[in-house]
Amino acid sequence: MEKKTAEVNLTSMMEFVLLGFSDIPNLQIFLFVTFFFVYMIILVGNGMIILITMVDQALQTPMYFFLSNFSFLEICFVSATLPRMLTNLWTQRRKISMFACATQMSFVLALGNIECLLLTVMAYDRYVAICNPLHYPLVMNHKVCVQMVAACWITGVPVETGQTYQIFSLPFCGSNQINHFFCDIPPLLKLACGDTFLNEMLVFIAAVVFVMIPFLLILGSYIKIISTILKLPSATGRTKAFSTCSSHITVVAMFFGSGIITYLRPKSKHSSRADKFLSLFYTIVTPMFNPMIYTLRNKEAMMALRKLKLIA
């Protein structure tokens, strides 16, 4: 009997079960088909943005350089969660090893942080373009743009690798069932034994540094941008200036809104259903709508697609 108990405890320590959407068994096939098509839309849509920014000379600008990097990041971000979710929905085998779970968490958190930083850089690009247009070619030259993107990637990865190590250094006991569709911090902390206060504080600090501060910087940039736009003498100029920012504002609102609620709301307010819904929003919905937002509302991107005969 003791040997059997030891085996159960060892199993719970070495692997987890991602419950995902197992609470709605009748919709498993429907969810698989839906998420599969969503994944294809994300890959094709963001891939098209990368393609047109590479081949069209008219899009060889800092704004589109950042956008192509953002689209590549979106593909990486969604690929950290959706393939595993699709496999679980198709096979109904929901087990995930501790190493795979830690790897997935590390990728999701790091890519999420990089996305926050890159959206901040994109806001700065719009700020310089609208508020200091004469200095724009000098300030946002290609070397500076590459350095900014590299800084986003270099900053985001080590912090979340360390945080993932801290989370998985905790002892896990009792249930090994993660009530989520990927390995995320809030549901994993619920399974940890002992005092998790330090880990929760580190999560909060990381969320403030990588989510709240970038969001406030973006907000500050757009307050200054809007103030400058309203001072423009011509209505045409104001409309054009607003149109170059509207797509970015939409993506920022979708991504940061769900991210801030997920990681900065009090622990007592967390619920598995709400966490899954919010996570779907920033891991899947935003990457899916990103290509539509940036192409359908952008004349230059639409022209580039027509040149390549990707649309009628």
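Lysine 95 pairs up with glutamate 15 in a salt bridge, with 3.7 Å between the closest N and O atoms; the term is used here for a side-chain nitrogen of Lys or Arg within 4 Å of a carboxyl oxygen of Asp or Glu. The two partners come from distant parts of the chain, lysine 95 from strand β2 and glutamate 15 from strand β1, 80 residues apart. Strands here are DSSP runs of E with at least two residues, helices are runs of H or I with at least four, and both are numbered from the N terminus. Lysine 95 is exposed at 56% relative accessible area, while glutamate 15 is partly exposed at 21%. Those labels follow simple cut-offs: buried is under 20% relative accessible area, exposed is over 50%, and partly exposed is in between, using a 1.4 Å probe and protein chains only.

The model is a predicted one, so local features need pLDDT of at least 70 and side-chain atom pairs count only at pLDDT 80 or more, whereas totals for chains, interfaces and linings use all residues. Residues are numbered from 1 along each chain as its sequence is written, and side-chain values rest on heavy atoms, with hydrogens and water left out.

In total, the structure holds two salt bridges. The other links arginine 126 to aspartate 125, with the closest N and O atoms 3.0 Å apart. Here arginine 126 is buried, with a relative accessible area of 9%, and aspartate 125 is buried as well, at 1%. As a general point, side chains of opposite charge can pair when their charged atoms come close.

Back to the strands. Glutamate 15 also has a place in the sheet pairing, standing opposite serine 97 of β2. Strands β1 and β2 run antiparallel and are joined by three bridges; for two strands to count as paired, DSSP has to find at least two bridges between them. On the β3 side, β1 (residues 15-18) pairs in the parallel sense, over two bridges.

Cysteine 101 is buried at 0% relative accessible area, and cysteine 183 is buried at 1%.

Cysteine 173 and cysteine 193 form a disulfide too, with sulfur atoms 1.7 Å apart. This pair spans 20 residues, from the loop between α7 (142-168) and β3 to the loop between α8 and α9 (197-230). Cysteine 173 is partly exposed at 42%, whereas cysteine 193 is buried at 18%. Counting the bonded cysteines in sequence order, the pairing comes out as 1-3, 2-4.

Cysteine 152 is in no disulfide, the nearest cysteine sulfur being that of cysteine 116, 10 Å away; cysteine 152 is buried, at 4%. The sulfur of cysteine 245 has its closest cysteine sulfur in cysteine 131, at 8.7 Å, which is too far for a bond, and cysteine 245 is buried at 2%.

As for the record, the unreviewed UniProt entry annotates "transmembrane region" at residues 29-52, 64-86, 98-124, 201-223, 244-265 and 277-296; such annotations may be inferred rather than shown by experiment, and the positions are in the numbering used here, with feature names shortened. In the model, residues 29-52 are 100% helix and 0% strand, with end C-alpha atoms 35 Å apart. Residues 98-124 are likewise 100% helix and 0% strand, and their end C-alpha atoms lie 39 Å apart.

Key:
A disulfide is a pair of cysteine sulfur atoms within 2.5 Å.
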